Amino acid sequence: MLYRETGQFKSNYAEDMAIFPIRQDGIALGVLLAVAFIGVPLLATLHVWPFGTDYLLWAILLPFLILALAAIGTNILVGYCGQISLGSGAFMAIGAYSAYKLATGVHIPLAWLGIAITIPPLPVLASILLGGLAAAGFGIAFGIPSLRIKGLYLAVATLAAQFFFDWVFLRVPWFTNYAPSGSVNAPELNFFGVIVQTPIQRYLLCLTFVTVIAIMAKNLVRGNLGRQWMAIRDMDIAAELIGIRPLYAKLTAFAASSFIVGVAGALWAFVYLGSWEPLAFSIDRSLDLLFMVIIGGLGSIMGSFVGAAFVLIVPVMLNLIPAELGVPLSTQTITHLQFIIFGSLICYLLIKEPRGFARLISIGKEKLRLWPFPY
Amino acid sequence: MRAPDTSEILLQVEGVSLAFGGVKALREVSFNIKKGEIRAIIGPNGAGKTSMLNVINGFYHPNHGAITFKGRTRARMQPFEAARGGIARTFQNVALFKGMSALDNIMTGRVLKVRRGVLWQMLRYGPALKEEIEHRHRVEEIIDFLEIEAIRKVPVARLPYGLQKRVELGRALAMEPDLLLLDEPMAGMNLEEKEDMSRFIIDVNNHYGTTIALIEHDMAVVMDLSDRVAVLDHGVKIADGTPDEVKSNQTVIDAYLGVAH
Amino acid sequence: QNEQFIPILSYRTGPYAVNGAPFANGMADYYNLVNERDGGINGVKLLVEECETAYATDKGVECYERLKSKGPTGAAFFNPLSTGITFALTEKTAADKIPIVTMGYGRADSKNGAVFPYNFPLLGTYWSAADIAIQHVAKELGGFDKLKGRKISLLYHDSPYGKEPIPMLQVLSQKYGFEFTPIPVTHPGVEQKSQWLAIRQNRPDYVLVWGWGVMNSTAIKEAASVAYPRDKMLGVWWSGAEPDVTPAGDQAAGYKALMLQHGAGRFPVHADIEKYVYAKGKGLSEPGKIGEVLYNRGMVNAMLGVEAIRKAQEKFGKKPLTGEQIRWGLENLILTDARIKELGFEGMMKPVSISCADHEGARYGRVQQWDGKGWKVISDWYTADESLIEPLVADVSAKYAAEKKIKPRDCAKET
Amino acid sequence: MRVSTPKTATAALILSVNNVEVVYDHVILVLKGVSLDVPSGGIVALLGANGAGKTTTLKAVSNLLHAERGEVTKGSILFDGVEVQSLTPNEVVRRGCIQVMEGRRAFAHLTLEENLLTGAFTRKDGKSAIAQDLERVYAYFPRLKERRASTAGYTSGGEQQMCVIGRALMARPKMILLDEPSMGLAPQIVEEIFEIVKNLNAREGVSFLLAEQNTNMALRYASHGFILENGRVVMDGEARALAANEDVKEFYLGVAGDKRKSFRDVKHYKRRKRWLA
Amino acid sequence: MSGVLYSLVALGFVLIFKASGVFNFAQGAMVLLAGLALVRALDLLVAHGVPFWAAIVLGIGFGAAIMAATAWLIERFVIGPLVNQDGLTLFMSTIGVTFVLEGAAEMIFGSDVYPLRLFPTDAWFVFEDLFPGGILVNKLDVWGALIAGILVAGLAIFFQRTKTGRALRAVADDHLAAHSVGIPISWIWFVVWLVAGLVALVAATVWGTKLGVQFSITFLALKALPVLIIGGLTSIPGAIVGGLVVGAGEKIAEVYLGPSIGGGIEYWFPYVLALAVLLVRPQGLFGERIIERI
Ligand SMILES: Nc1ncnc2c1ncn2[C@@H]1O[C@H](COP(=O)(O)OP(=O)(O)OP(=O)(O)O)[C@@H](O)[C@H]1O
Ligand SMILES: Nc1ncnc2c1ncn2[C@@H]1O[C@H](COP(=O)(O)OP(=O)(O)OP(=O)(O)O)[C@@H](O)[C@H]1O
Ligand SMILES: [Mg+2]
Ligand SMILES: [Mg+2]
């Protein structure tokens with residue numbers, strides 16, 4: 001009885017086009033946002049369970065938010081535009097390192113021209129956003145081959161970006177400001193005078209980024225551009241025949257996706273890690289993001305969140321459980337078991353619902369609407 | 001009621017040839033489509049009908065020959081340019097966007113009409129929202145017209161074949177084209193549905209003045225609906241004329257119809 | 001509860017598991033020994049928990065967050081066994097006031113306790129290692145003057161770990177006039193063909209190997225295939241354990257490596273471990289691997305931690321202590337030869353003396369050589385040259401302090 | 001509504017579908033208890049509007065629903081006396097029941113000839129017998145022979161359709177489930193196909209279950225017909241009786257009274273007859 | 001030349017892709033599993049005094065049995081239930097399989113480095129007078145090339161000439177339609193995964209000799225991808241040609257470009273090469289054309 005749309009009439013298209021046409025969904029989202037923006041910080045400040053320690057905030061919520069953001073970006077490209085990319089990690093890296101360079105000041109001596117380009121250190125917010133833009137630029141460049149290369153071939157081709165940028169940030173000392181170890185430190189997180197330092201501040205910062213970008217992404221994907229992406233994804237030839245320019249659609253998808261992924265990369269580096277090396281953005285990260293998107297549901301913003309939560313939290317849980325239960329197994333065995341269980345879980349989920357949690361949720365809702373009748 | 005404007009030629013196909021390796025799909029085919037008419041193209045399987053449509057909207061580039069559309073002659077163009085010029089089409093093997101709802105599929109037909117830029121779309125506020133609603137309005141009209149209100153929000157992959165064809169027509173209509181190319185729009189439909197579809201085609205033609213090129217194997221439909229019929233066989237045009245002329249043409253009967261209808 | 005919580009960040013999976021597992025075993029077994037034999041430290045039991053990092057920085061950070069406030073007083077200290085994780089944690093540990101012990105690795109400049117109050121690169125940094133390595137090369141050649149004009153290459157794991165020694169080696173090459181070429185190897189290091197072709201063309205007099213995990217054995221194999229003499233290869237102490245040479249079989253014979261003081265072998269403390277831990281079935285290692293290089297290193301590492309806690313208890317009482325208190329213990333830890341003997345580590349290490357200004361505590365090293373079956377110590381003790389390292393440490397750590405707006409402590413005022 | 005006497009219970013049934021219910025995706029109920037029988041050696045037509053559930057019924061019979069996330073939740077399907085649900089799809093084919101799927105699903109990267117040969121996959125009667133059948137299919141569809149070496153993905157819609165029908169014939173089945181065989185084929189080929197159906201049925205005793213929109217044709221060649229609407233059988237009976245039924249005549253055959261009406265003259269908002277509300 | 005060793009891994013990918021449209025990321029893990037099974041059985045047998053040659057035969061037999069079991073399990077529990085899903089889902093499921101295989105292999109057989117010595121590994125140099133350094137030829141590479149050549153010839157004939165080969169290609173095109181004509185997909189997939197498993201076993205003997213059998217072998221999967229893509233996902237001979245192109249390409253790049261831009265190019269160069277090849281031929285050098293028709 002709780003979940004019924006009966007009695008909710010839509011008198012105009014605007015209402016029908018709302019993010020959640022069914023009122024209960026909208027209310028649920030409102031509650032969620034309130035909890036996220038007010039409840040969590042409040043509990044954390046008061047150190048109320050489960051926020052007794054920083055662990056939940058630092059090690060779960062913070063990475064969850066940032067990776068969810070990256071997953072949204074990946075989802076735009078893979079889920080909405082159908083261009084499989086194994087290079088998201090590289091674009092996170094581009095976002096992170098560009099933001100780092102911009103925040104610490106850029107100096108490019110062009111000796112042969114006798115001049116030098118010098119940009120003074122920019123504010124952190126500007127650096128992060130510009131980092132995203134830089135990622136978008138490279139995203140476009142690496143998106144160009146997608147006009148010819150399709151499907152899994154494209155996936156492997158995007159690995160070129162992944163490995164190339166891994167190498168660049170490892171071997172070109174300019175990007176790390178000649179840090180001898182190749183590991184760089186994030187600048188001070190100064191947002192208009194507020195210095196973000198405590199876990200709660202970091203959390204709120206990321207939450208704001210995520211909320212704003214998620215809403216904009218949602219608007220994009222349900223608007224004209226989003227429809228073009230999906231058309232290209234579902235059948236590129238037909239899309240072209242109804243007047244969609246593949247060049248435009250694919251490159252905008254690459255740009256939007258890389259921008260979001262790049263911003264996520266900058267946040268990951270600045271806000272979460274604080275100090276990082278290229279390995280933080282390796283191929284494993286790309287694969288993780290792809291997992292999040294697929295398990296969450298291709299072509300679903302909501303799904304990106306669920307997917308990120310799953311991929312991030314399940315291994316942690318698997319890690320915690322034996323310790324809590326006091327299972328008398330060697331650490332080695334436990335770790336291997338975790339691998340096995342996590343792998344099996346992924347396979348199980350894919351079999352159970354190849355279209356991910358988003359689909360499970362929508363089936364659930366449909367059932368709920370029909371309840372108590374099975375069909 | 002309807003009097004096709006015989007004077008104005010909308011599309012002229014001139015000596016088009018198309019070959020794939022050894023296969024000659026089209027050989028020196030010439031014909032024209034006049035503004036406002038319903039033009040049928042028929043012929044046996046593999047005659048080159050679909051290829052002809054593909055040439056017209058730029059998916060295939062002819063080896064020889066030229067296409068003149070609205071007075072502009074082109075040897076090759078890109079499909080999206082054709083779409084911009086006002087050519088819309090449906091496909092023989094339904095080519096809907098499988099992951100989207102019927103409504104969204106039809107909305108994609110409006111892609112070329114959207115004026116607000118990406119930033120506006122991202123905000124989805126004010127003018128952007130207003131524009132989106134306008135398009136939605138147009139699309140709802142088409143949905144009404146095609147009587148598919150009930151399946152608006154259903155992902156098209158779930159729809160039965162016949163309804164998919166209807167959605168596809170809706171998508172083409174949403175483009176408000178000057179020339180509508182229909183590739184076997186009635187395959188896989190039963191009589192009642194064919195009647196409906198005929199009704200839609202005639203209405204589109206009457207109300208919006210859309211010119212229609214139609215490929216169909218159901219002779220009854222072709223004969224009833226079309227103003228002129230071109231017949232292809234093995235890539236060659238073997239006849240061209242009014243339905244009655246074609247129907248009684250012996251070459252056509254031998255090559256295609258089998259028994260006189 | 002009367003328990004002191006000690007986390008172990010280990011990696012028993014992934015490409016570096018081969019090296020990570022024996023190290024973690026050594027640590028865990030020693031803690032266990034302290035519990036089983038002594039009933040803890042002055043009655044305070046050690047509560048140990050492992051967390052798998054797979055040598056990945058972000059996992060390491062997650063483990064850190066998870067474990068840092070466990071137990072009645074929070075984590076005693078962290079041993080990340082990864083230079084990358086060390087970099088990522090340096091700032092956090094300082095904020096959380098938990099020491100980070102990086103024995104024989106970590107950032108070399110963090111020996112400066114004035115700027116890095118919570119970092120303890122015990123027993124030797126990579127700069128010490130680089131200096132000792134060059135001392136040994138010079139000795140083999142017949143004196144420092146013979147270094148002039150020689151070619152020395154550094155084959156390194158392309159990560160913060162492998163890059164650390166480069167600045168020091170550059171200083172040394174300036175000073176002694178040898179030609180220094182760094183050659184990076186990409187993680188995980190199974191691909192070294194072109195590096196060795198380059199070495200073959202360049203014919204350096206010595207190749208220093210700064211590898212980890214599979215990279216080491218691959219280096220030896222590739223050296224064999226381009227016929228580069230194995231006895232001209234000198235690995236750092238992380239490139240000188242059994243898993244680094246055994247996969248290369250006979251080809252490894254002649255290969256040399258630095259020792260972080262200790263080598264392989266069994267000492268009195270091992271007998272205790274067998275008696276108190278393995279006899280009760282609580283040991284983690286395969287019995288045959290007790291006494292291997294990395295196992296021993298894990299033990300030494302654990303021992304230093306235990307002794308630091310003991311030291312801190314002297315000041316703060318025989319109860320579970322906080323990280324901040326244990327930091328004091330570390331900073332004032334002094335192990336004499338007598339104490340080392342008492343602990344059963346005699347022959348494994350030299351005395352240690354840690355202070356505010358010197359978080360390294362000792363910088364001795366020896367060289368061992370693999371004869372095809374086992375490691376043989378082939379050199380005397382070397383001591384790293386303070387006069388070269390100190391300026392570099394001061395310079396780099398001052399930069400860090402400036403960047404992070406840290407006001408260095410005045411060590412003269414610390415007691 | 002039954003138009004004529006129920007099917008003769010005496011004739012051996014090759015296929016019997018009993019009260020089958022099919023659900024897609026766990027929530028979409030498509031077949032709501034469909035029952036139909038095909039007598040051994042019979043030709044049965046399955047009629048109905050778009051979305052009535054014809055394709056679903058056929059897929060249930062050949063056990064292909066699993067792959068589309070559908071499942072039979074109720075009822076049973078017996079082919080040749082064996083419960084189909086307990087078989088794998090390839091066992092169903094091995095037992096002699098093959099389906100021609102809707103939508104021209106030729107193997108795109110194989111040539112037309114290779115496509116036809118895959119149809120003979122389950123056969124064990126030797127190369128020459130297969131070669132013979134290949135010739136027979138080529139005789140039915142000369143166009144296929146002409147284009148035998150072309151990659152199926154590039155052939156025209158009609159060519160693909162002939163190819164999949166030919167492919168099924170290559171299996172020498174006891175029963176063929178034909179889903180919209182006439183779709184996209186030129187009129188004389190359609191005639192040809194129904195002649196083939198008739199011939200195989202008469203000469204080799206192959207049974208057919210035919211989902212077809214071309215009601216006219218279907219009822220002309222079938223012995224029985226079932227009309228599906230909305231996942232339920234709403235009418236069945238002998239083909240001739242069905243063809244004579246006034247409702248069927250109007251809505252499926254397009255003959256009002258005695259004369260076919262022109263497509264131009266259909267009324268806009270036509271009254272629709274539904275047997276079920 | 002050394003690129004050919006990657007071909008051995010790439011071959012496993014091609015087999016499975018060609019027969020089921022599954023892009024099998026787990027190939028590297030399968031090499032690890034096969035290698036561990038082999039080397040551990042070998043060690044055990046030798047330790048029990050079985051003569052070396054007999055131990056090898058038995059060890060390979062044991063490895064093959066393990067691969068057969070793996071193939072069966074994968075078909076039964078992962079790929080089989082995923083019939084008719086799109087390529088991406090299948091691809092991701094094989095990454096799940098990778099986790100399981102890695103965990104299981106190390107749990108059962110241990111996670112140390114196990115030396116394996118089945119082929120000679122010494123090298124000789126040719127053309128040294130032609131240019132500095134000459135060309136390094138490792139005997140192992142020669143063996144690898146030989147084995148790869150034999151495998152390729154055999155498998156190519158199997159796919160093009162036999163009824164089963166044809167059925168395999170049909171399955172890759174359209175799972176559902178293959179079902180409908182009675183191709184027993186489960187059985188076919190089992191066979192293919194088994195063959196891929198055996199190819200992995202062969203790759204493991206060569207790579208195990210080169211690196212020792214150990215976890216890092218799983219990274220081979222990533223190195224084999226460009227080889228695979230250059231040759232074409234569906235072409236068996238392509239795997240060899242891809243290997244040669246990558247092998248030659250990365251060395252030339254390292255020699256001519258490396259010094260000027262800082263070395264380590266071979267890490268990404270094969271991918272850039274693959275990208276370049278794909279831009280000219282989107283289906284790789286020998287892959288089947290990607291059909292675009294409307
Ligand atoms: N995979 C699927 N998932 C969900 N619903 C489906 C699926 N396939 C079919 N349906 C639904 O099942 C119903 C019956 O479809 P079916 O394809 O059996 O109809 P049909 O009678 O063959 O129609 P047509 O004549 O158009 O082919 C339709 O309403 C359709 O929406
Ligand atoms: N891209 C292509 N590559 C190779 N051959 C092609 C291609 N496109 C079409 N053909 C061939 O050209 C011929 C004409 O095909 P087309 O699709 O135009 O036929 P059609 O008249 O539409 O037939 P149908 O009524 O069966 O749809 C066919 O024999 C087909 O195999
Ligand atoms: Mg056609
Ligand atoms: Mg159907």
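## The salt bridge between chains A and B

A:Arg227 and B:Glu132 form a salt bridge, with their closest N and O atoms 3.1 Å apart; the term denotes a side-chain nitrogen of Lys or Arg within 4 Å of a carboxyl oxygen of Asp or Glu. One salt bridge is found across the interface of chain B and chain A.

This is a predicted model, in which local features need pLDDT of at least 70 and side-chain atom pairs count only at pLDDT 80 or more, while totals for chains, interfaces and linings use all residues. Residues are numbered from 1 along each chain as its sequence is written, chains are lettered from A and ligands numbered from 1 in the order in which they are written, and side-chain values use heavy atoms, with hydrogens and water left out.

## The interface of chain B with chain A

Chain B contributes 37 residues to this contact and chain A contributes 31, contact meaning heavy atoms within 4.5 Å. The buried area is about 3200 Å², with 64% of it from carbon and sulfur atoms; buried area is the accessible area (1.4 Å probe) that two parts lose on being put together, summed over both. In chain B, the residues that lose the most area to chain A are B:Phe97, B:Met122 and B:Arg124, which together account for 19% of what that side buries.

Seven residue pairs are in polar contact between chain B and chain A, both residues being at pLDDT 80 or more. A polar contact is a pair of N or O atoms within 3.5 Å; within protein, one must be able to donate a hydrogen and the other to accept it, and residues adjacent in sequence count only if both atoms are side-chain atoms. On the side of chain B that touches chain A, α5(B) gives the most, with six residues. By class, that side has 21 nonpolar, six polar and ten charged residues. Here Ala, Val, Leu, Ile, Met, Phe, Trp, Tyr, Cys and Pro count as nonpolar, Asp, Glu, Lys and Arg as charged, and the others, Gly among them, as polar.

## The interface of chain E with chain A

Between chain E and chain A, 52 residues of chain E are in contact with 43 residues of chain A. The area buried there is about 4100 Å², and carbon and sulfur atoms give 82% of it. E:Leu88, E:Met92 and E:Phe99 lose the most area on the chain E side, together 15% of what that side buries.

The count of salt bridges between chain E and chain A is zero, while five residue pairs are in polar contact (both at pLDDT 80 or more). α4(E) gives the most to the side of chain E that touches chain A, with 15 residues. That side comprises 33 nonpolar, 14 polar and five charged residues.

## Two magnesium sites

The magnesium ion (ligand 3) is coordinated by B:Thr50 (OG1) and B:Gln92 (OE1), at 1.9 to 2.1 Å. Donors are N, O and S atoms within 2.8 Å of the metal (3.2 Å for Na, K and Ca); water is not among the atoms, so sites may look incomplete. B:Thr50 is buried at 8% relative accessibility, and B:Gln92 is buried at 6%; buried means under 20% relative accessible area, exposed over 50%, and partly exposed in between (1.4 Å probe, protein chains only).

The magnesium ion (ligand 4) is coordinated by D:Thr55 (OG1) and D:Glu102 (OE), at 1.8 to 2.2 Å. D:Thr55 is buried, with a relative accessible area of 16%, whereas D:Glu102 is partly exposed at 22%.

Note on methods
Helices (H or I, at least four residues) and strands (E, at least two) are DSSP runs, numbered from the N terminus.
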